[in-house]
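The exercises below each set a task and then work through its solution in steps. Please keep the sequence and the model in view while you read.

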Amino acid sequence: MDAIEQQQHRKPFVNAFKFASSMALALLAAACGGSDSNVDAGVKAAWVAIGSNNQAIVRVITSDAGCPDVRDGSSYVAMTVRAAAATVAQRPTASAAADSKPSAFPVTACEYLVPADSSGVSVGSRSLPLPKQAPQRIVVLADTGCRLKKADNAWQACDDGDSWPFPEIASTAAAMKPDLVLHIGDYHYRENACPADIAGCKDSPWGYGWDAWQADLFKPAAPLMAAAPWVMVRGNHEECARAGQGWFRFLDTQAADPKRSCNDPANDAAGNLSDPYAVAVGADTQVIVFDSAKAGRAALATSDPQFIAYQAQFQAVNRLAAKAGVNSIFTNHHPILGFAPIAGAPPAPGNQALQSVMQSVNPTAFYPSGVKTAIHGHVHDFQAINFSSAHPATFVSGNGGDNLDVNFADPFPANTNPAPGAIVDKISHTSSFGFMVMDRQSNGAWAYKAYTRKGLLLTTCLQTGSNISCDKTGYLAPN
C-alpha cells in the first residue's frame, strides 16, 4: 500500500475519531453547564485582563446567577464569582444626591486565573485572546466614555457617532490586530440623567450601575476586547465617589475585597488607592501601572495622608523600575510632565499633586532612571513631548471619545514647561479624536504612532533611550 493509499485508508478512522472527540466535548460541556448557545445567551461581556506578575485573568459578565465554565485547552473549569448580582444602596457621589441613585448590578461578575501554560481559553463560543510573551503591537487609548454631567452642563450626544466616536475607534483599533490593549483610565462618564429636551443623549442610561457601564464601555469595546488582552489603568472617573463600584466589580485585577468595593464611603481611603505593579512586555520592556484616581491638582503638604500614601507608592515604582536590562513605561491617568490646554490662556502644567510627591522620592528627575517613557490620559487630546532635560518622553492619549479639549496654540508657547527643570524640546499635539499604537521595531525599540478615529496616521515618533523624534511637530491636523 503506497502513501496515498495509506492516507485514504486512514481518513475514515481519523474522521470517526474527530467526531467522537467533538461529541465527548459537547457532552462534557452539557454536563458542566450547558451548550455554547446557552452560555452565550447569558454572557454580556468576556475578555482577558492582565494583572500583577503578568497574571492573565478571564473576566465574564453574565445575566445568569452562576458563572459559566471556562474551556481551558481540553478541560472545562469552573469560574469564581467575583461579585454577585446586587443593587447597592445610594452612597454620596460626586453629584448632588438628587442627581444620583443606587447602583444596580443585575449581572454576575466572574473570573478565572489562567495558568501560565494554558494553550487557549474560551467561554461558550467565544475564544479569548491570551497574552503573548513578546507583544509587537499595543493599542493605547483613554477617556473613552460619553460625558453626561449636570455640574458642567455637558451633554455629549452619545447616539451620534461623530460626537461620540468610541465605537468607531474601538473597531478601527481592533482591525489593526493588536497583541495588547493599554487603556489609561476614564472608562465611564454617564453620571447624570440626560435632560429630556436634549435629543443626542435622550434615554441614555446613567449613574454608576451596569447599564451605564455596558453603554459606555462593554458594548462599544467588544471588538477590541475580542482582539487582545487588556491592561487597565484606573482614572479619576473610577474613584470611589464616582464609578469605583463598577471598577472593582469588573476591571480591577486584584482579589475582590469588600473593604475596597467603594460601596461603603467609610472605606474610601483604602478603596481609592491600589499598589503599583508591572506587566512585562517582552524581555526588555515593562509597563508600570499606577493608580492616581484620587489625585487632586494642588501640591500636597508632606504631612497630608495622601502625600504619605503616594510617597510609598512612588518608592514602590522605584523598586519596580530598577529591574536590570528592562526599560520601564510608566502609566497613570493624570499627566505628570504633560500639559492641559486652557482657552485663551497659557497651558496649565502637569499634575502638581503628584509632582510634589515625586520630587520627594526623585528630586528634579521626578522618575527613576529606569523609566524611559510615561503615558497618560485625563487631558482630552494627543501629546508627544520630547525633553532637552533628563526626563522621560511623555505621551498623552486622552482623545478616545469623551468631549475634546481645545487645541494648544500653534506654535506652542516658547519657554512653557510642565514642571521646574523639565525643559520641553519639541511637542506634537492634536485635539482630534483618535488613539495611539506602539509598534516594536527590529532593534527592540518602540515606534509610537498617533492615528485618527478612522485609522489615518498623524505622526510617528521613534525612540532612543528617553528621547523621541517625531516626523511632525506642532499641531497635527487630521486629514
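The buried residues of helix α3 pack against β11 (137-141), α4 (210-218), α5 and β25 (434-440), where packing rests on contact, meaning heavy atoms within 4.5 Å. This is a predicted model, in which local features need pLDDT of at least 70 and side-chain atom pairs count only at pLDDT 80 or more, while totals for chains, interfaces and linings use all residues. Residues are numbered from 1 along each chain as its sequence is written, and side-chain values use heavy atoms, with hydrogens and water left out.

**Exercise 1. Find which residues of α3 are buried, and relate Ala170 to Ala222.**

Step 1: Helices (H or I, at least four residues) and strands (E, at least two) are DSSP runs, numbered from the N terminus. Helix α3 covers residues 166-175, and its buried residues are Phe166, Ile169, Ala170, Thr172, Ala173 and Ala174; buried means under 20% relative accessible area, exposed over 50%, and partly exposed in between, with a 1.4 Å probe and protein chains only.

Step 2: Ala222 belongs to helix α5, residues 222-227, and because its relative accessible area is 38%, Ala222 counts as partly exposed.

Step 3: Although Ala222 and Ala170 are 52 residues apart along the chain, their C-alpha atoms are separated by 7.9 Å.

Step 4: Just after α3, Lys177 takes a positive phi of about 55°.

**Exercise 2. Work out the order of the strands in the open sheet of 4 strands.**

Step 1: The order is β4-β3-β9-β10, with antiparallel pairing; two strands pair if DSSP finds at least two bridges between them.

Step 2: Strands β4 (75-78) and β10 (126-128) stand at the edges with a single partner strand each, so one side of each has no neighbour in the sheet.

Step 3: Strand β3 (residues 69-72) pairs with β4 over 4 bridges in the antiparallel sense, and the bridge partner of Asp69 in β4 is Ala78.

**Exercise 3. Describe how helices α8 and α9 cross.**

Step 1: The axes of α8 (residues 305-321) and α9 (residues 352-361) come within 9 Å and cross at roughly 55°; axes are lines fitted to C-alpha atoms, for helices over the stretch in contact, and angles run from 0 to 180 degrees between N-to-C directions.

Step 2: The two helices α8 and α9 are therefore oblique to each other, since angles under 35 degrees count as roughly parallel, over 145 as roughly antiparallel, 65 to 115 as roughly perpendicular and the rest as oblique.

Step 3: Among the residues that meet are Phe307, Tyr310 and Phe314 in α8, and Leu354, Val357 and Val361 in α9.
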